[in-house]
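Here is a short report on one protein chain. Keep the sequence and the structure open while you read.

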Amino acid sequence: MSKPVQIGNQGPVVATSAMTIDGHSVKADRTFEVVNPATARRVADAPECAPSQVDDVMEAAVRAFASWKVDDDARRRALRAGADELDAAAHELAVTLTAEHGKPLRDSLREVATAATWFRWYADLDLGEPEIVEDSAARRIAVYRRPLGPAVAITPWNYPIQMAGKKAAQALRPGNTVVVKPSPYTPLATLKFVEILQRVFPPGVLSAVTGSSNDLGRWLTEHPLTRKVSFTGSTGVGKLVAASAVPDLKRVTLELGGNDAAIVLDDAAPELIAKEIFARAFVNCGQTCAAIKRLYVPEQLHELVVDALAEYARAAVVGNGMESDTELGPLNNHPQQQLVSELVDDALRNGARAAAGGRRPDTEGYFYRPTILTDVDDGMRIVNEEQFGPALPVLSYRHLDDAIERANNSNYGLGGSVWTSDPDRGAEIARRLDCGTAWVNTHAITLPHQPFAGAKWSGMGVENGRWGLHDFTQLQAIHTAR
């Protein structure tokens, strides 16, 4: 363990300086710096995994797979015990996560709780094997789902613990072993997460390695012992992950970018929907793949909706995540702050107006004021690209068919939503959205029993529910002649 590191006014945070390989804490010859986005200062150092250590972690995963895949009851017990360990360590994990990510502490606590929820849900899932597709005088055909082997989980910086927990739960239950590689922007909480879970999982079943460049991800995805890659991140990097897995025909699940559109219908009440729309657009400071990124509003409601959203944006408390009244923290990293600023500035130069925000505050850290943009056109970058930050363009429409066409006119297809006083009508419109998940009167809500998948450039495969577990398995048919 490293020594406590003083983090501005946040107090000490104990950050692990070791990876977990074959159940052991393993250091590296080199380290890289991790920055607190609220202060733009170093919070701690993380280990830089060497190629030889990639071999070590994958070989350990293979060894563990031989016994881990055999006993489903043992796996269920371990997942339940793992959830209990996460609950017990929630504060420690949350403080570390807030220090490296920037999100409010209560959101970090909620993220740890989500990981524990997924562990318990998959532990309780009845796998229902085998599926008998024929049982006749001529033959019996039974279909089983077999684990694939060592799986690599590459997680993003926006929800590192949540995504590590979700991927691990879905992979571990059917008998795979897992190696987690977090983003170099947020490695510390994930290292601690995996270290804590060594108390309940056998050596090699769940490991974690970290690195500061794309090399580590490439080494893991190309490694001959890797049988499955589950990646959450940008579309550009996802394409590289898929390409690196092709030569060895590795199974791949990709949960990629989104440019989610929300459509307000003409029967909606702005005073009733604005608060929830703001919350679902600015969740995690807008750094959520399935957050609302574009909002289409009928002309007659446009001004009312913009004014209501702007009021929430101006009232939002932006600050250090360790301060109890903070509602929105900083952006996680400087490149992301620059991108949001660039997209907003581009819109303002091209005729958009900031009803609220539109600038960086004059403070240290990677903060950006919650921004509501109006007088926006579809051709603007802030509409066409994924801003992944606290800026929401609000566009008007006259005809609903036009709004649906504009909402679907994107390379992305992760999520979308419809806002209305008539839920049945909303559901009918939602079915016309070209996306993996369409919500009515909410957005960006995921549940362990609800599948989550993207259309078009937003991904391949599926996560969550029985469907997500199946993505970590191989079908095997046993055909017995009689």
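How many aromatic pairs does the structure hold? The count is eight. The model is predicted, so every value below is computed from it.

## Aromatic rings

A pair of aromatic rings is described by the distance of the centres and the angle of the planes. Start with F119 and F201. Their rings sit 6.3 Å apart, centre to centre, with 65° between the planes. That makes the pair edge-to-face. F119 belongs to helix α4, residues 105–124, while F201 is in the loop between α6 and β11, so the pair ties together parts that are 82 residues apart in sequence. Are these two residues buried or exposed? Both F119 and F201 are buried.

Now take F278 and F282. Their ring centres are 4.3 Å apart and their planes meet at 20°, so this pair is stacked. F278 and F282 are both buried too.

Some rings join into a cluster. Ring pairs link W68, F119, F193 and F201.

T177 is part of strand β10, which spans residues 177–181. Its relative accessible area is 0%, so T177 counts as buried. What does the side chain of T177 reach? It reaches the backbone oxygen of A61, at 3.0 Å. Setting aside neighbours within four places in sequence, T177 has contacts that include A61, A64, F65, W68 and L172. G149, P150 and A151 are also among them.

H223 sits in the loop between α7 and β12. With a relative accessible area of 8%, H223 is buried. Which side chain makes a polar contact with the side chain of H223? The partner is D55, at 2.8 Å. Not counting residues up to four places away in sequence, H223 touches V54, D55, M58, D248 and K250.

## Empty space

Rolling a probe the size of a water molecule over the atoms shows where empty space is left. The model has four cavities of 30 Å³ or more. The largest cavity holds about 100 Å³ of space. Its lining is made of 16 residues. R294, A407, G415, D434 and C435 lie nearest the centre of this cavity. Three elements each supply at least two lining residues: α13, β19 and β20. By class, the lining has six nonpolar, six polar and four charged residues.

Pockets are open, unlike cavities. The second largest pocket holds about 340 Å³ of space. The elements that give two or more residues to its lining are α2, β8, α15 and β24. Which of them gives the largest share? It is β8, with five residues. In total, 22 residues line this pocket, and L127, G128, E129, Y144 and R145 lie nearest its centre. The lining has eight nonpolar, three polar and 11 charged residues.

Most residues other than glycine have a negative phi, and most peptide bonds are trans. Where does this chain depart from that?

| Site | Feature | Value |
|---|---|---|
| E129 and P130 | cis peptide bond | omega about -10° |
| C285 | positive phi, not a glycine | phi about 60° |
| N464 | positive phi, not a glycine | phi about 80° |

E129 has come up already: it is one of the residues nearest the centre of the second largest pocket. P130, joined to E129 by the cis bond, is placed in the loop between α4 and β7.

C285 is in the loop between α9 and β15. This cysteine is buried, with a relative accessible area of 4%. N464 lies in the loop between β23 and α15. N464 is buried as well, with a relative accessible area of 2%.

## An exposed loop residue

Finish with N409. Where is N409 found? It is in the loop between α13 and β19. Both of these elements also supply residues to the lining of the largest cavity. Is N409 buried or exposed? Its relative accessible area is 66%, so N409 is exposed. N409 and A261 are 148 residues apart along the chain. Their C-alpha atoms are separated by 9.9 Å.

Conventions:
Residues are numbered from 1 along each chain as its sequence is written. This is a predicted model: local features need pLDDT of at least 70, side-chain atom pairs count only at pLDDT 80 or more; totals for chains, interfaces and linings use all residues. Side-chain values use heavy atoms; hydrogens and water are left out. Helices (H or I, at least four residues) and strands (E, at least two) are DSSP runs, numbered from the N terminus. Buried means under 20% relative accessible area, exposed over 50%, partly exposed in between (1.4 Å probe, protein chains only). A polar contact is a pair of N or O atoms within 3.5 Å; within protein, one must be able to donate a hydrogen and the other to accept it, and residues adjacent in sequence count only if both atoms are side-chain atoms. Contact means heavy atoms within 4.5 Å. On a 1 Å grid over the protein atoms alone, a cavity is a set of points where a 1.4 Å probe fits but cannot get out, and a pocket is an open set with protein on both sides within 12 Å along at least five of seven lines; lining residues have an atom within 4 Å of a point. Grid points are joined across faces, edges and corners, and a volume is the space filled by probe spheres set on the points. Ala, Val, Leu, Ile, Met, Phe, Trp, Tyr, Cys and Pro count as nonpolar, Asp, Glu, Lys and Arg as charged, and the others, Gly among them, as polar. Rings of Phe, Tyr and Trp (its six-membered ring) pair if their centres lie within 6.5 Å; planes under 30 degrees apart count as stacked, over 60 as edge-to-face and the rest as tilted.
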